[in-house]
Amino acid sequence: MSSPSAPPAPSPAPQPSLGHSIIPALTKLQEILSQLGEDNFSIDLPQVVAIGSQGSGKSSVVESLVGRDFLPRGVKTRRPVVIQLVRKIAEEEWGEFDHVIGKKFYHFEDVKKEIQLETDRDVGGYNYISEKEIHLKIFSPNVPDITLVDLPGVSKVPVGDQPGDIQLKTRDLIFSYIKQPRCIILAISPANEDLTNSDALQLSRLVDPEGSRTIGVITKLDIMDRGTDARNFLLGKVVPLKLGYFGVVNRSQEDLKFNRSVKDALAFEQSFFSTIQAYNGLSHCCGVPQLANKLNQILVQHIKAILPALKSRVNMQLVSVAKEHASFGDTEDSKDGLAVKLLNILAQYSEAFCSMVEGKNRVSTDELSGGARVHYIFQSIFVKRLEEVDPCGDISDQDIRIAIQNAAGPRTALFLPEAPFEILVRRQIRYLLDPSLQCARFVYEELVKMSNRCLTEELTKYPALRRRMDEVIGNFLRERLSPAEKMITHIIDMQIDYINTSHPCFVGGNKATELAKQCSTGPSVSTPMPVSKDAVNSEKLPETVKGVKPRAIFPKGADQGIKLQGESDRTAAHAGAASGHFSEKGSSLLKTYLSVDGLDSPYPFFQLIEPPIVLKPSEKQAEIETVAIETMKLLLISYYNIVRKSVQDAIPKAIMHFLVNHTKREIHNVLIRKLYRDNLLEEMLREPNDIALKKKHISETLSVLERAQRVLEELHLESDTTEKDRRSAKDAAGLPKTRGSLSSTYFATGNESNFVSSLKASPKTKHKHKKSTHSE
């Protein structure tokens, strides 16, 4: 190793040999998609993970790839440090941390201090290790666009305050990174140790037994014993790896003591390999620049493999976002623009409402909706309920009997009177009014629900307009409910006002009587009144007696409770008078009997029982009354069924005419008449804050996706040049070939971009593609 006092002149920063245009473009794409903040757009790029034992030179290799001294020295790596290198054309280099937002670190000594402080914040001053990552971005024109991860080194024996299972914890942490299929493993091993015992190679072989994604890095070549070299290691003769080995020379402790820069160390490394004869002919695998180029090649091949699927995902998401953006419409500041927008919304709403009523909207297979619910109310609720009603369910035989007797007045009815029939049937018809009005109310409520379901998503952007529309439609439907209810009342009143017994379907009196006789249980046997053996014919009474008219009306059933006092005596008196022989006793009896005509008599007469306040007919029912009651029932049922059928047909027609169909015809005119006001346009079409923010977010997302699509179009020709390369078993970097199912699955026809262009109505962007001159 040469003295640090006379370092050779630094050589210019090496340039990547392959994919120098595709990786910066993809880095730009990654930055664009990162603005979306969604995992769906994350580009699954492989990470380059440096693993090895403690003191193997991992951090020095990472610093050499970056070209800057930024990792803490004198302490072991205790937290994973994820370094994203961004190739950026600028005069200055700087670093940025995710945990320090908005701050740029232009001095890498400050970067080193921040890493140390962030490590101490998590694990303190102990030698513990943590799984929490430290994310660092380094922007520089002298770095390849790759992501590096510096992990804690493998420790076999706990030192100091380290826990006893430190080796197990370190291995678990390393496995959590290198087990990912897209991870590129930098297995770092010092040249002064036996390569077959390398911890890094042993760990990598557990997850990558074929060595298809492991790069061997041999460090400390400058401190090997004299007479020994690492040529066989670099040629893969000891432990073969498909991606090969690279030898590097890191800075020594003396270099760090004298603050030798990374550039000076790279110049010394180049001089070292050019002067050591053992490494002649191995320039392709010696030095940090060659390692960086190899990593660059691997990333290029990976990017080309995932590019078709990535482009398809972006295009599909672009179509979806463009549709959502189109649903918001363009922002119109003028009153004319707002007026046109309002008219369009009202027209769409009216059309959607009518389609929902008529069943022309999106047909649901889960439940009844729209006009189908109105039909259900008519047929399954209203009509079915009326058919279940018993016309005589709330009328007893006693009610009919009382009505018949009341209609006869002071006489006994010789025929069935019409008055009780009309009274009873009118009462039953009146019961049809309430269910008819309820039916109208149910249909009204369904129309209100349908009005609330129309254009729900579109009107969420304008809550003020939605509230006014709900108010206008609610008032309009209530106004239309009133004439419908009035018409229903008229229909029932018409049925009540005129009882049409001439209806052809009406049973009629004679037929009803015959049916009633058949339904009756049979004639009741009347018990003849007992006649006293002493009774005489009134024709045999004297003329003087026959000419006297009694003033009292004796009840027919005197034997049922009213017993005449001295009836036998009066009978005897009548008999005596008829024979013309009056005894003394008979004379006194006759005087007593004739006292009922008001003749003065010193003898008292019996007292009648006053009728009760509530008078009911006798419990005993005559045969003619039984037939009359059954006849009345048949007449009521017959006429009620006629009216019921008429009502079942007329009520739905009235509701449809006055409420449903009138609403369909006039809803558009009502909305325009009530809402189309110049002074209300801005108020009704003002978007709430959350909708405005959502619309802004959609616009920004659409812009980001369009930018991403343009970047992908620029990369399209680069990916086309690798079709032949992907057919081979391995690419130039030694990776196995990638199956072509990704492009066939996601990148089908490319019509998505045309659809987006039609939505935006913008001219197509023409992309000029340059032929790629890269070769493997």
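This is a predicted model: local features need pLDDT of at least 70, side-chain atom pairs count only at pLDDT 80 or more; totals for chains, interfaces and linings use all residues.
In which sense, left-handed or right-handed, does H14 cross H16? The crossing of H14 past H16 is right-handed.

1. Overall make-up. The protein chain holds 26 helices and 9 strands. It has 776 residues, of which 42% count as buried. Taking contacts in the protein chain between residues at least 6 apart in sequence, 82% link residues at least 24 apart.

2. The H14 and H16 pair. Helix H14 covers residues 433–453 and helix H16 covers residues 463–497; their axes are 10 Å apart and the packing angle is about 160°. Angles over 145 degrees count as roughly antiparallel, and H14 and H16 are therefore roughly antiparallel to each other. On the H14 side the contact includes Leu433, Leu437, Tyr444 and Val448. On the H16 side it includes Ile473, Leu477, Leu481 and Ile488.

3. Helix H13 (residues 418–430) and H16 have axes that come within 9 Å and cross at roughly 170°. That makes H13 roughly antiparallel to H16. Arg426, Ile429 and Arg430 of H13 make this contact with Ile492, Gln495, Ile496 and Asp497 of H16.

4. The 9 strands form an open sheet with mixed pairing, in the order E4-E3-E5-E2-E6-E1-E7-E8-E9. Strand E4 (100–105) and strand E9 (245–247) are the edges; each has a single partner strand, so one side of each lacks a neighbour in the sheet. On average, neighbouring strands are turned by 25° against each other, direction ignored.

5. Strand E2 and its neighbours. Of the 7 residues of strand E2 (residues 81–87), 6 are buried, so the strand is largely enclosed by the rest of the structure. E2 runs parallel to strand E5 (residues 134–140), joined by 7 bridges, and antiparallel to E6, joined by 4 bridges. Valine 82 shows both pairings: histidine 135 stands opposite it in E5, and valine 149 is its bridge partner in E6.

6. Strands E1 and E6. Strand E1 (residues 48–51) pairs with strand E6 (residues 147–150) in the parallel sense, over 3 bridges. Within E6, leucine 148 stands opposite valine 48.

7. Helices on the sheet. Helix H4 (residues 166–178) lies across E1, E6 and strand E7 (184–190), and runs at about 155° to E1. Helix H5 (residues 199–207) also packs on the sheet, where it touches E1, E7, strand E8 (214–219) and E9. The direction of H5 makes about 155° with that of E7.

8. In soluble globular proteins, nonpolar side chains tend to be buried together. Here the largest nonpolar core has 74 residues, and Phe70, Leu186, Ile215, Leu221 and Tyr279 have the most contacts inside it. Helix H9 (residues 288–328) gives the most to this core, with 6 residues. A second, separate core has 71 residues, including Ile499, Met632, Leu635 and Leu680.

9. Leucine 221. Which residues does leucine 221 contact, leaving aside its neighbours within four places in sequence? They are Ala191, Ala230, Gly247, Val248, Val249, Phe272, Phe273 and Tyr279. Tyr279 is itself among the residues with the most contacts inside the largest core.

Note on methods
Residues are numbered from 1 along each chain as its sequence is written. Side-chain values use heavy atoms; hydrogens and water are left out. A nonpolar core is a set of buried Ala, Val, Leu, Ile, Met, Phe, Trp, Tyr and Cys residues joined through side-chain atoms within 4.5 Å. Buried means under 20% relative accessible area, exposed over 50%, partly exposed in between (1.4 Å probe, protein chains only). Helices (H or I, at least four residues) and strands (E, at least two) are DSSP runs, numbered from the N terminus. Contact means heavy atoms within 4.5 Å. Two strands pair if DSSP finds at least two bridges between them. Axes are lines fitted to C-alpha atoms, for helices over the stretch in contact, and angles run from 0 to 180 degrees between N-to-C directions. Angles under 35 degrees count as roughly parallel, over 145 as roughly antiparallel, 65 to 115 as roughly perpendicular and the rest as oblique. A crossing is left-handed if the near helix is turned anticlockwise from the far one by less than a right angle, and right-handed if clockwise.
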